[in-house]
Each structure stands twice: as structure tokens, then as C-alpha cells.
Amino acid sequence: MGKEEIQQITRRTTRSFSSSSATGNEAVKTKISESYIPTLKDLVFGGNHLSYDDLLSSFPTRGVQISQIVHLLGPLNSPMLPIFIYGGASTGKTSIILQIFRHLNRPLVYASYRTCYSPCLFFESILNQLLLHKKNAVNGYSSSKRCEKPSDFVNLLRESLLSVIGDLKVNSGKLSSNKLPGQPNGSMVYLILDNLELVRNWDKSSTILPFMFSLYDILKMPEVGLIYISNTSPDTYYSNVGYVEPIPVYFPEYTEEDLRQIFLRNQENRKLYLSFLDVVLKPFCRVTRRVDELSTAFSSLFRKYCEPLNDLEHVSYEEMKRRLFSHFQPHIALSLNEIFQVPSWPPLEVESNKEKKRKSSIRKSGGCEDFAELDFHMSTSAKYLLISAFLASRNPATLDASLFDSTAGSDSHKRKRKASVKSLEQKEAAEQELLMKGPGTFPLERLLAIFQCISSVVEGPLDEENENDVLRFESGDSGFMSDVLMQLSSLCNANFIIKGGSCPLEGSTRYRSMITEDMALKVARSLKFPLPNYLYRR
Ligand SMILES: Nc1ncnc2c1ncn2[C@@H]1O[C@H](COP(=O)(O)OP(=O)(O)OP(=O)(O)O)[C@@H](O)[C@H]1O
């Protein structure tokens, strides 16, 4: 199920609306949608009934999470504790919860902070759905209720929930005597609140999240089920403020094997698609494991992969694979560049209590636990760029020549000369000054020079991708340079590097690295790059 489909539910696109669209007559369409009166049926997902087996097979590798959630929701009409579903972007959280509701055919209200980006929009979206109110030209596209403050929202929410639950109870009574198709099951109503991690972007007063999490205690309505969805772990939200902590359900990031299963489902020619995945999955997984991004890239790449098929009818399977690959290979790098992305979400790992304690002590000591647990899915060159920026901010520019000479940092201990007391003092003073100033700024040229030097002194065998990058950089390949600039811009967007003002003398833009040493070391470790050898220390 795509995002559009999910959004359709939130918009409650009605059957009358969709049937009218077949006529192509806008006037008729508008009229019908305006005269449409929503009913309790609009509170369920709709569509054909989805069996449990079909639910499982629609989401390969998510059986554990599906059964956990179904178990937590409990049998029909049973009260539940709030649930907190979390995991990285595009790990299936939204689609799966909505399809579970399609399977159960229970009433739900879905609101996402991605589309409702202010408290007002969010509150009103929930109330509109509960009050079966549809915005249209007749009502001037206005909401059922105007609501900005949490206190107003609670009162209106309670009122509308009571009314809906009352109707659902009457409906359930009728249902048991006379089975009506499409009617919701049971008299519980579930509020699904998605993309909580986005609230912090606009809620500067930090009151909305605690308020959302205390809804269970405030409402005290056993007929209401609360389901929170977030990209970030529960650790990033609760701070012992006294509300019932929701039960966590973790959606781990997909492994390469998981993604193979996900992309293989629904494939007519599994053998052919498998040979395609054998070529693309590994390089793409290094850049992203987001199903949405991969599926966009794979759908066009697979068409390319299949192009020569007509001419290969009479060749052996192995020969066919070989020829398809050589035809297709040039397209992989292009497509990889298109989906380059830097994750900007904090840790998403199931943690033991010990781990939690460790993290809270890091937090107390002012450390940056987000970075400690960040998982990196960046291209190799982006990682080098990140390290280069870190070095440029950390080290004095005057030391670049000595640190990045032909022998590089790998044998820096050999280069140590006996320093005079005076030069030691000078170094100490320079370091003190550096610490006081925080990370320094640097021009683009310096970043690129460091990048070029460090990406050519990798320990151990270079992988093919990286080797090509370095060769292309050294030969001044302009396409590659634009890739590097694009990656720099992505790192800036993710706030790993920030653009400072331009230097009045040079007139060029200066940059500053914003990552901690821990994070830089982690990135370096993933590249087997000996970062400590390049750090300027006393
Ligand atoms: N296990 C899976 N099997 C099939 N499709 C999947 C699976 N996991 C994710 N998808 C697909 O990936 C796309 C993104 O999923 P979805 O929007 O549910 O992710 P999400 O975790 O809610 O992401 P976000 O945190 O960005 O909101 C959807 O089209 C979904 O159907």
C-alpha cells in the first residue's frame, strides 16, 4: 500500500466520490461529494476484507510485529493500554497498523503530524473524523470545530468520543442481530497518532508531546485505544512525568535478506527478479534501506534490466544473466546517486535496561547519545566528506600539509620530532584557543583537499565503489565533483555540516562541522579509516 492510499484514508475518500470520478464530470463529482453524508462506515479502513494470512503475506518479515500488535489490541471490545510503535523511516509502521485495522475492521481515527503540522490542524483533523465532518465547498472547507488549545481539544475530544462510542454501541447491537456489510466491528474507537517525531520541529514550548502521552490518563475512557507512531525511540520522549508509558513495539531496520523477500513478493517471474536483486540489492543497501526509495529506484531499473530480454530467448540462463548485467551495469551508479540520503533520525535499537542506564548517564554528563547510536547509511564518499569536514574544523589549517603529506597519518608516530619547550607551549596555547573557539570554519577548497588526501589512504583493500570515486576525483571528473557537492549539500541539510557566513576577505562561503568526535570516530571505524592518526593533539 502506498502513501497516497494512506492519505486517502485520512481524507476519507468516499465511495460516492470515487465512483463519480469515473464520469470525468467535475461538476457532478463536486455535487456528489458535497451531498455525501459520512456515516460510521467512514471510520473503518474499508475495501475488501483482508484475512490474517493475506495480511502476513503483504508484509514479509513483519510477522512478529503484526502478531504482537494484534495481541496488544486484544479481542473485540477489550480495553487496551496505549501502544508506541517505533522504527526507522519506511519500515512499514504506518502501512502495517492501517492494514491490521483493515483486517480487524475496527473504527479508527488516523492523524499524522506530517500532514497536520500545527496543534490546531492536528486537533481539528481528529475532531473532524470523529464528528464525521467532511470539509467541502458548502461549509467553506472549514473544520467541524475550531480548536487551538489542548484544554479545548480535550473537552471536544471527550464529547465527540462519547457520541461516536454511543453510536457504535447501538450499531453493534444491530449488527449482532442483522449482519450489515461494511459496518465497523465493536464499539471501541482507536486513535492512531503518527510521526510524533515531527512535533518538536514546531512545538517550541514542548507541551504538545507530554499532553499527547497523557491522553490515556486524562480521558480515562476504556473504549478508546491510543496508538502512537514515531521514527524515534521511546527514550527520546518520556521523562518520568507520571503518565502511563505506552507499550513499545519496535520495527527494526530491514536487512538485505528482508528486503529481498519484500521485493520478491508479487513478482511474476521470481527467478528473473532474483537475478536482478542479486545485482542491485547490495550496492543500494549501502545507501538506503528505505522500502519507498528502493522501490522507486528498482521499478525503473528493472525495466532497464529487462530491455535486452527479447534478444536472449535462446541463450542459457547463465549467459542471459551475464548479458543482462553488462547491459544494465552503467545504470546502477546513476540511480544510486539519485537516492543518496543521510538519515537524520536518532537511535532505533531495542535496548536492554543496562544500555538504557548507560545512555541516561551519557545524557546526564552532557554527551550526545543520539550520535552514539546513529546508524550510518551513507555512501562511502559521503562518509569521507563528513570526516574531512570534522578534521577541517578540528585541526588548525597550518597543520594540513604535515598531516596530509604523502606518508599520511598512518605512520604519524614515526614523524614525531623532538619539540622544543617553546614550540610545545605554542602548541598548547593553540590547542587551548581551538577548544575555546569550538569547531572552526573552513573554505570549500580546504575540505576538498583533505577529502582527496584521506580518501586515498584507506587501510585495507578499497571496495570497487570507493576506488572508482577516488580515481574519478583525482582525474578531476566534473560529474563526480557535482556528486561531492550534492553530498555536501545533503550533509548540510542534515545539519552535520553547517554553512557559515562568507569570509569578508575571501568572499567565499565557509563551512563548519557539527559532529562530535565520537560520531566522527564511529564513521571512521565503519570505513576502517585511522582517524586518531590525523587528529591534532597535544
Ligand atoms: N515488510 C514490508 N512489506 C511490504 N511493503 C513494505 C514493508 N515495509 C514497508 N513497506 C512499504 O514501504 C512503504 C513505506 O512504508 P510506511 O509508510 O508504512 O513506513 P513508515 O515506517 O510508516 O515510514 P515513516 O516513518 O516515514 O512514516 C509503503 O509503501 C509500505 O507498503
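**Notes on a predicted model**

1. Asparagine 105 is found in the loop that lies between helix 6 and strand 2, and the model in which it is seen here is a predicted one. The phi angle of asparagine 105 is near 55°, which is a positive value in a residue other than glycine. Is asparagine 105 buried or exposed? With a relative accessible area of 19%, asparagine 105 is buried, because buried means under 20% relative accessible area.

2. The next point concerns a pair of helices. Two packed helices are described by the angle between their axes together with the distance between those axes. For helix 5 (residues 63-73) and helix 6 (residues 93-104), the axes come within 11 Å and cross at roughly 55°. Helix 5 and helix 6 are therefore oblique to each other, and their crossing is right-handed.

3. Which residues meet where these helices touch? From helix 5 come Ile66, Ile69, Val70 and Leu73, and these meet Ile96, Ile97, Ile100, Phe101 and Leu104 of helix 6. Sorted by type, the residues of this contact of helix 5 with helix 6 are nine nonpolar, no polar and no charged.

4. The model also contains an open sheet, formed by five strands in the order 2-3-4-1-5, with parallel pairing. Strand 2 (108-112) and strand 5 (247-251) stand at the edges and have a single partner strand each, so one side of each is left without a neighbour in the sheet. On average, and with direction ignored, neighbouring strands of this sheet are turned by 15° against each other.

5. Within this sheet, strand 3 (residues 189-194) and strand 4 (residues 224-230) run parallel and are joined by five bridges. Leucine 193 stands opposite tyrosine 228, which belongs to strand 4.

6. Helices also lie against the strands. Helix 7 (residues 119-130) packs on the sheet, where it touches strand 2 and strand 3, and its direction makes about 160° with that of strand 2.

Technical notes:
Residues are numbered from 1 along each chain as its sequence is written. This is a predicted model: local features need pLDDT of at least 70, side-chain atom pairs count only at pLDDT 80 or more; totals for chains, interfaces and linings use all residues. Side-chain values use heavy atoms; hydrogens and water are left out. Axes are lines fitted to C-alpha atoms, for helices over the stretch in contact, and angles run from 0 to 180 degrees between N-to-C directions. Helices (H or I, at least four residues) and strands (E, at least two) are DSSP runs, numbered from the N terminus. Angles under 35 degrees count as roughly parallel, over 145 as roughly antiparallel, 65 to 115 as roughly perpendicular and the rest as oblique. A crossing is left-handed if the near helix is turned anticlockwise from the far one by less than a right angle, and right-handed if clockwise. Contact means heavy atoms within 4.5 Å. Ala, Val, Leu, Ile, Met, Phe, Trp, Tyr, Cys and Pro count as nonpolar, Asp, Glu, Lys and Arg as charged, and the others, Gly among them, as polar. Two strands pair if DSSP finds at least two bridges between them. Buried means under 20% relative accessible area, exposed over 50%, partly exposed in between (1.4 Å probe, protein chains only).
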